[in-house]
Amino acid sequence: MKKIALIILIVVSCRIFSEQRTLSFMMHWFPQAQFAGYIMAYEKGFFREADLDVELLFSDGTCSPLQKVNSGEIDFCTAWLSQAIVLRSNNWQIVNIGQILQKSSLMLVAKRSSGILTPSDMNGKRIGLWSGDFTIQPTAFFKKYDIDFIEIKQSYNIHGFLADAWQVASAMYYNEYYKMILAGWDESDLITFFFDEFDLNFPEDGIYTNETFLRQNEDICKKLCQAVLSGWEYAFQNKEETLQFVLDYCDRYNMQTNYSAQKWMLDVIERSIKFNTSEQKEDWGKISQTTYFDMVKILKDQDLIDSVPNFKTFFWRTE
Amino acid sequence: MKYHVKRPIRWKLILLITLPILIVYALIVFFNSYWNRKTALQQMKDYLIELTGHHAANLDTEFAIISQAPQNLAEVISSLNVTDSEDIFRLIENAIDNNPYIHGLTVAYEPKAFQNKRFFAPHIRKIESELQRRDLSGFGDYTLQDWYSIPALLGRSYWTEPYYQQDNGRELMCTFSVPVFKNGNLIAIAAADISLDDIKDRMGNISIMAGYTFLLSQHGTYIYHPNPNDIMKETIFSKAEKYNLPVMREFGKEMISGKSSVQSFPDPITAYRQWMVYTPISTNGWTLSAVVPENDVFTAVDAILIKHIILMITGLIVIIVIIVFASLNITRPIRNLVEMAEELSTGNLDVRMEDIKGEDEIHELAVVFNKMVQDLKHYIHDLTNATREKESVESELRIARSIQESLIPRIFPPFPDRSEFALFARNLPAKEVAGDFYDFFFLDHDNLILVIADVSGKGVSASLFMAVTKTLIKAKANEVDRPDKIMQEVNFELCQENDSAMFVTTFMAAFNVKTGVLSYCNAGHNPPYLIDNTGKVSQLPNTEGMALGVWEECQYSLQKITLQKNDIVFFYTDGINEAMDIDNNEFSYERLEEFLTTINDQVPRKITEMTLQTVKDFTGEAEQSDDITLMVLKYLLG
């Protein structure tokens, strides 16, 4: 009897330990409204309500959160879908448990004064490009329109573009594009090329976890995903409060940002989350096979992947 | 009795004097304040333009000096063939040493451009006036950084946007970069770092009333703002967006395009108007701006305005006090006068205005008042005497009246033992003594003489004439028995020595009470009415003859009628038919005759009372203008 009691005690203790363990959840960039839903899920206690003790972390851009998830160093992270597909095809143990953003915000921007009005006008022009995943859609775009251009390695600001050091800039619609507006450029002064409008919609931020962790903690993953969606719902319903939290986080990380920029970002992110779906949070965070296979095709075309990750096993939460 | 004045003169004076003063003064204060405000605003604008211009010029000079070092360095490196890294460091050290504003200076070579090194960027930085050497290649690929890549691509010098330098605390920095070309090829970028903390401090020390200054980068980012949370976070455009101020965005666009201007806009939080002056710093495209709340510009003006208002109120109070005292002084004699007039009205004629000084209208009024009181006193004295005299006359008249009444038969029925007829008469004099009279007396057992007469004029003379006439009639009646003869005799007597030309209309009748024969003679009198026993009314036929006392030879004729039982003869004087109401309408014969048709079954006393009441009802409040006399005979035999 004593043995049985001891076993029960150990099992119960382990279970309690398991439920009480702090779950590390890393955003793939500095705090900003792009992560408002996660911040609000944390701040408004949606994680706690789901019995989840979550620690919210932010990448400084120098580390790869997916790598940390793959290695089990952290439990969850956000990442771009394109990057995750490439890594998954390389047999990384990462699983998408929620595809939060549905619409690509990556874009190219030119000044109207530069005379670039159509993709073909970019021929021979200096085009600022970021590295890594940010090149996939532009590469496909340039190939599609057979554009011969001068590639400029663009830093994460818009100063070179504004100074006319290059004529076309890479930008996130929710970030750099609006920084141009907040630098005195009117929308009418700028020509925009949204990749999703050129059949190159790469859904971006999703939630990833380690496949082994998922198998052992499906309930936790489900709860976390639900809590995040509740966080986003709360953020959209309480934007002013959310922006205050976001700006507090930004201050803690010495981010050079402001209310207007974060408000714009939150609005754009909201449109991206609700893109092609409903206002109901239960419908958010899912990806369609069509979108996935469209992406995969482009990734294969660019020889970024050899094998196509299985849709059902890569995406834990599907339509 | 204490008098009460609803609107004393002093209130009128206060209103008439202070109100125009108040209006004029308020207008002066208003326009003065308006012009002062306008002037203060212009002065403030001029001051801000001068201030921002001055500081912008200083910064311009500073940036020009800063830009010289990398430019000179670029020229030297471009012209010399420097191959030794030590030489490069020395060149940089010389350049930075001569330039007090530069925090760090570098010559960053293009990859493989210096001794085929992948990266080479010798950098000298000042740490507490010590020069420290280092190679920036140790910090990664500098060619991707703004200070290198942008001027390299542009092929011209470039001021970077401000940034935070983390290696020596968190310092706000800015870099001026100059591309170095050799034989047309870019070989390096010469770049000078400057610390903006010092500029921020200096900006913070600029004092502009309650306003503030701010410094914007070429992309509108706040480099300096009194709110440290705005620095490097907000742009003028993000604030315009946050506070929904499109006008601010327009100002921002002008600023970053290098324009200068003076503009006003509502403060996003307080909604108070703010004035903003902005001036470009042409060297690097930054903008220096100063903002002053309009209210603060007006603070001094408003302080003066408040002083003016206080002064105005004090002045008005002084004026009101003076007016009150002056009006009290002016109106005191008037109030005394009022009190005295009140006193006068109670009958005290000994009041007198004393101690009225000066030669003004009030003095004149007092003199006139005193004279009036004096005149009044004399008048009342005279009036008292006159009244006394009048009362004496009236007393005598009352006696005369009494005597006259005693001349006229007053006792009715006059012949209580005679049943053949009924007789009643009344005399109502208009004045104390009447000119009318009636009389009746038996000549013998059966013949009754009836007389009714009206003397011309009224009063004492008329009554005396009446007395004479009555006495003469009675005397002559004893001598002759026919009315016409009596009249003739009396007329003759009255005409003798009638200097006053008085006359008397007389109707005389001799009535045989047995036979009912009425013989009569009329000397110009109203013919009496006969109301027969059927109620028919008719005037007695007239007879010849003038009023008595007019013409001594006048002849009078006699007329006879025979009365039937219950026939009535109504004798009267013209006081009845000529009685007037308040609108001067006469009672008239018509009304009299109409009235007489209603009385045939009445006794004489009743007929008399009814007649007088009917006349009274007609005249109403009108004063009786003439003597009223009437006599009613009713024959009871036959």
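Reader: How do S10(B) and strand S11 of chain B pair, and over how many bridges?

Author: Strands of a sheet pair through backbone hydrogen bonds, either parallel or antiparallel. In this predicted model, S10(B) and strand S11 (residues 273–281) of chain B pair in the antiparallel sense over 6 bridges, where pairing requires that DSSP finds at least two bridges between two strands. Helices (H or I, at least four residues) and strands (E, at least two) are DSSP runs, numbered from the N terminus. B:Pro266 stands opposite B:Arg273 in S11(B).

Reader: Which order do the strands of this open sheet of chain B have, and which of them stand at the edges?

Author: The open sheet of 5 strands in chain B has the order S9-S8-S12-S11-S10, with antiparallel pairing. Strand S9 (222–224) and strand S10 (261–266) of chain B each have a single partner strand, so one side of each is left without a neighbour in the sheet. From one strand to the next, the twist averages 30°. Helix H1 (residues 9–79) of chain B lies across strand S8 (212–216), S10, S11 and strand S12 (286–293), running at about 30° to S11(B); axes here are lines fitted to C-alpha atoms, for helices over the stretch in contact, and angles run from 0 to 180 degrees between N-to-C directions.

Reader: What pairing does the open sheet of chain A have, and which helix packs on it, touching S1, S2, S3 and S10?

Author: In chain A the open sheet of 5 strands has mixed pairing and the order S2-S1-S3-S10-S4, and its edge strands, S2 (53–58) and S4 (94–98), each pair on one side only. Neighbouring strands of this sheet are turned by 35° against each other on average, direction ignored. S4(A) is joined by 4 bridges to strand S10 (residues 205–210) of chain A, the two running antiparallel, and A:Asn96 has A:Tyr208 in S10(A) as its bridge partner. Helix H2 (residues 36–43) of chain A packs on the sheet, touching strand S1 (22–27), S2, strand S3 (76–80) and S10, with a direction that makes about 145° with that of S2(A). Helix H10 (residues 218–237) of chain A lies across S1, S2, S3, S4 and S10, running at about 45° to S4(A).

Reader: What area is buried between chain A and chain B, and which three residues of chain A supply more of it than any other three?

Author: The size of an interface is often given as the accessible area lost when the parts come together. Between chain A and chain B about 2100 Å² is buried, of which carbon and sulfur atoms give 52%; buried area is the accessible area (1.4 Å probe) that two parts lose on being put together, summed over both. A:His159, A:Leu182 and A:Gln256 supply 24% of the area that chain A buries against chain B, more than any other three residues. The contact (heavy atoms within 4.5 Å) takes 27 residues from chain A and 22 residues from chain B.

Reader: How many salt bridges does the rule find across this interface?

Author: The rule, a side-chain nitrogen of Lys or Arg within 4 Å of a carboxyl oxygen of Asp or Glu, finds 3 salt bridges across the interface of chain A and chain B. One of them joins B:Lys253 to A:Asp186, with the closest N and O atoms 2.2 Å apart.

Reader: Which conventions apply to the numbering and to the predicted model?

Author: Residues are numbered from 1 along each chain as its sequence is written, while chains are lettered from A and ligands numbered from 1 in the order in which they are written. Local features need pLDDT of at least 70 and side-chain atom pairs count only at pLDDT 80 or more, whereas totals for chains, interfaces and linings use all residues, and side-chain values use heavy atoms, with hydrogens and water left out.
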